[in-house]
Amino acid sequence: PYANGFDFIFVSLNRYERKKNISLAIDSFVHLIQEVKRNQKSGVSERLLLVVAGGYDRSVMENVQYLEELMEHCKSHHLPFQYQ
């Protein structure tokens, strides 16, 4: 296991811009979680983590707005979201 007991850590490194389509990484992660839950006997762990990191500038309105959109997107999928 890796940090905090996660078996698999997926990382998306991008600037917080809509054209980077970070929501696709979130959607793919949700799909992976659903598949793992459906196939419990596969031996694949549910201890999965998605880390989204990259360039973020509070003075750039698109960065601020897109981060808020991504947080809402995670919330709509019942994914916990931590911002640091």
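Is Glu17 buried or exposed? At 16% relative accessibility, Glu17 counts as buried (buried is under 20% relative accessible area, exposed over 50%, partly exposed in between, with a 1.4 Å probe and protein chains only).

1. A word on the basis: this is a predicted model, where local features need pLDDT of at least 70, side-chain atom pairs count only at pLDDT 80 or more, and totals for chains, interfaces and linings use all residues. Residues are numbered from 1 along each chain as its sequence is written, and side-chain values use heavy atoms, leaving out hydrogens and water.

2. On the fold, the chain has two helices and two strands, in the order β-α-β-α from the N terminus (DSSP runs numbered from the N terminus: helices are H or I with at least four residues, strands E with at least two). Of its 84 residues, 23% count as buried.

3. Now the salt bridges (a side-chain nitrogen of Lys or Arg within 4 Å of a carboxyl oxygen of Asp or Glu): the whole structure holds five. Glu17 pairs with Lys19, with the closest N and O atoms 3.8 Å apart; Lys19 is exposed at 67% relative accessible area.

4. Glu62 and Arg18 form another, at 3.9 Å between the closest N and O atoms. Glu62 sits in helix 2 (residues 61–76) and Arg18 in the loop between strand 1 (8–13) and helix 1 (22–38), so this pair ties together parts 44 residues apart in sequence.

5. Within helix 1, Glu35 and Arg38 are three residues apart, about one helical turn; their closest N and O atoms lie 2.6 Å apart in a salt bridge. Glu35 is partly exposed at 29%, while Arg38 counts as exposed at 55%. Elsewhere, salt bridges with shared partners join Arg15, Glu17 and Lys19 into one network.
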